[in-house]
Amino acid sequence: MMVRVTAREVKRRYDASGRRAAAHDRRVRIIDAARARFLAEGYHATTIAEIAADAGVSTETVYKAFGSRAGLVEAIWTTALEGEGDRPAEVRSDEGATDAPTAEALLRHWTRMAVEVSALAAPVYQLVRTAAVTDPQAAHLLERIDATRAERMTHNAAYLVDGGNLRPELTADQARDILLFATAEMYPAFVDRAGWSPEEYADLLYRFLRSALLR
């Protein structure tokens, strides 16, 4: 049976699609403006009004979409975790882990993903850790981020356990802790502060993980 679509229905669908696209564009502009402000000036020195002005929207729009400064930082963090590919980094990470022919290839894959994501996420993580000392909302955000990170690294450690590739003296929880340390502390220490190139750091991270984790 043929379903007839009126011109009014077509216009309504077109208008709805246009509104969604405009809303997405506004959200991206706000997140980009907030990231630039927070990383340049710090959490406490940045105001919603400044972010709104940079993004070309009203403060009401920012509050309605994100609720607070902590809500904005959480959105920045979530965006950073997606990496730079056309699909979220977590999806690409799992696909590569499943397809890796050896444990060494798996670590090489994780290393590439970690460098890609850390370039975006590490400065945001440091921002939240600093803000959490004095801001309760930032402290709650840090708790959520750390819990999510621990869950993800538990997931990753399971690949090594299930494949029989983890060093026999290590537990799955210890493997998780090593992965947590490597993906939170090492990038800013070597790339941001010591001035290593991403390529140099990637090679170091691979050698560290191979030595620390593989039998």
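In residues 24-84, 77% of the span is helix and 0% is strand, and its end C-alpha atoms lie 18 Å apart. The model is a predicted one.

I turn now to the pockets. The largest pocket holds about 780 Å³ of space. Its lining comprises 33 residues, and those nearest the centre are Leu81, Glu90, Val117, Arg152 and Met153. Which helix gives the most to this lining of the largest pocket? That is H7, with ten residues. At least two lining residues come from each of helix H4 (69-81), helix H5 (89-99), helix H6 (103-132), helix H7 (136-162), helix H8 (172-184) and helix H10 (198-213). By class, the lining of the largest pocket consists of 19 nonpolar, seven polar and seven charged residues.

The second largest pocket has a volume of about 260 Å³. Thirteen residues line this second largest pocket, with Val28, Ile31, Asp32, Ala75 and Thr79 nearest its centre. Two or more of its lining residues come from helix H1 (7-41), and likewise from H4. H1 supplies the largest share, six residues. The lining of the second largest pocket contains six nonpolar, four polar and three charged residues.

Conventions
Residues numbered from 1 in each chain as written. Predicted model: local features only at pLDDT ≥ 70, side-chain atom pairs only at ≥ 80, totals over all residues. Heavy atoms only, no water. Helix = DSSP H or I, 4+ residues; strand = E, 2+ residues; numbered from the N terminus. 1 Å grid on protein atoms, 1.4 Å probe; cavity = no way out; pocket = protein on both sides within 12 Å on 5 of 7 lines; lining within 4 Å. Points joined across faces, edges and corners; volume = space filled by probe spheres on them. Nonpolar A, V, L, I, M, F, W, Y, C, P; charged D, E, K, R; others polar.
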